[in-house]
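User: I would like to learn how to read a few local features in a structure. Could you take me through some of them?

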Amino acid sequence: MKIVIAPDSFKESLSAPEAAAAIARGVQAACPQADIVTIPMADGGEGTVAAVLAATGGQWRSTRVTDALGEPVDAPWGWLDDETAVIEMAAAAGLEQVPQERRDPLRATSRGVGELMRAALDAGARRIILGLGGSATNDAGAGMLSALGLRILDADGAVVADGGAALAQAVRIDASGLDPRLATVRIEVASDVDNPLCGPHGASAVFGPQKGAQAAQVEQLDAALKHFADVCARTLGRDVRDRPGAGAAGGLGFAAHAFLNAVFRPGVAVVAELGGLAEAMRGAVLAFTGEGRMDEQTLHGKTPAGVARIAQEAGVPVVALAGSLGAGYARLYEVGITAAYSLAAGPMTLAQACANAADLLTDRARDATRLFMAGRRT
């Protein structure tokens, strides 16, 4: 009897592999004879590399790059046997790496992301999967492009400074030095964000405040990104600022559209494909998924919804376990979730729930499996 376990991470408590292991312990306790298949999941944000490597047996690598503040940081990334590199933007330019009092979206740079990509090219990558999410930047990917050889020049012919605000000074783009290896590598952007680059639904307006931008700074950044998009459109002869995902990761999606010929895919679909989730579902009788919080927003590209859709295609019922269930979570039943449960066994603080997340997951998975087994006997 095969049971598939495919959770995302539980933020601030468990990684996806840790969550999968905790659920597996509960399933094993209730059904010792079960054939348990664990496939840790992610949606393109933090934890994507860990989930992919856990599912595929790939290698961890690390490269010293420039972080969002322009300081050195050792950023981990993944390498798969088929010459695929898996990179998280958050590892090089992540918001959680920056103390709240130092967050500065006007000057934060995505340069380290380009440096990671260059390391992957040096290693011989023929495919680069770039997970977007958790970024501290709002520079339209200009820093990434600069690290890959693109020059953004001001009226005096000097290279503009790092950061989104400086893009207001851009006058000309010199793409002659862009790394030629980019033309021979397939770049897949894993993201669930479909925002445009500019405007009320753009990178600055929607995500800038999360990165520390005040109202006036949001307007300044939006204007700078609009100006940069104008310069890029003149250079390229086409305008990509309104393509879905252009506003992802502080506008890094725009750079990927404009200069990297990237293919955009839902993050959960990329990770599911690499982990062989659809194949694992064949012949399964039950599946588990989960994440820290599930609500109506989980429908929009988050892991439990993606896992449920794949399970539904295989006719497999899905139990979803979450740290908390928010408004509208029952809509997940529409996409294949059979039942959803919160982890808390009784009144407890968030700190207590995070500290005991593994045991709580194990307990709920055991209980759900016992109920499922009882139904099979009737």
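Analyst: We will go through a strand, a charged residue, a loop neighbour, the cysteines and some backbone angles. This is a predicted model, in which local features need pLDDT of at least 70, side-chain atom pairs count only at pLDDT 80 or more, and totals for chains, interfaces and linings use all residues. Residues are numbered from 1 along each chain as its sequence is written, and side-chain values use heavy atoms, with hydrogens and water left out.

User: Which strands pair with β6?

Analyst: Two strands pair if DSSP finds at least two bridges between them. Strand β5 (residues 84-88) runs parallel to β6 and is joined to it by 5 bridges. Strand β9 (residues 186-190) also pairs with β6 in the parallel sense, over 5 bridges. You can follow G131 across the pairings: E88 stands opposite G131, and G131 stands opposite A190 in β9.

User: Let's turn to a charged residue. Where does D139 lie, and what do its side-chain atoms meet?

Analyst: For charge, Lys and Arg count as positive and Asp and Glu as negative, while His and the chain ends are not counted. A salt bridge puts a side-chain nitrogen of Lys or Arg within 4 Å of a carboxyl oxygen of Asp or Glu. D139 sits in the loop between β6 and α5 (142-147). D139 is buried but has no salt bridge, and R111, the nearest side chain of opposite charge, is 7.8 Å away.

A polar contact is a pair of N or O atoms within 3.5 Å; within protein, one must be able to donate a hydrogen and the other to accept it, and residues adjacent in sequence count only if both atoms are side-chain atoms. The side chains of D139 and S110 make one at 3.0 Å. A polar atom of the D139 side chain also lies 3.1 Å from the backbone nitrogen of G143.

User: What is T109 in contact with?

Analyst: Contact means heavy atoms within 4.5 Å. Leaving aside neighbours within four places in sequence, T109 is in contact with residues including D67, A93, D139 and D162. T109 belongs to the loop between α3 (89-93) and α4 (111-122), and is buried at 2% relative accessible area. T109 and D162 are 53 residues apart along the chain, yet their C-alpha atoms are separated by 5.8 Å.

User: How many disulfides are there?

Analyst: A disulfide is a pair of cysteine sulfur atoms within 2.5 Å, and by this rule the count is 0. As for individual cysteines, C31 is buried at 0% relative accessibility, whereas C354 is partly exposed at 22%.

User: Which residues have a positive phi although they are not glycine?

Analyst: Among them are E83, with phi of about 65°, and N261, with phi of about 50°. E83 is in the loop between β4 (72-80) and β5 and is partly exposed, with a relative accessible area of 35%. N261 is in the loop between α8 (248-259) and β10 (263-265), and at 68% relative accessibility N261 counts as exposed.

Terms used
Helices (H or I, at least four residues) and strands (E, at least two) are DSSP runs, numbered from the N terminus. Buried means under 20% relative accessible area, exposed over 50%, partly exposed in between (1.4 Å probe, protein chains only).
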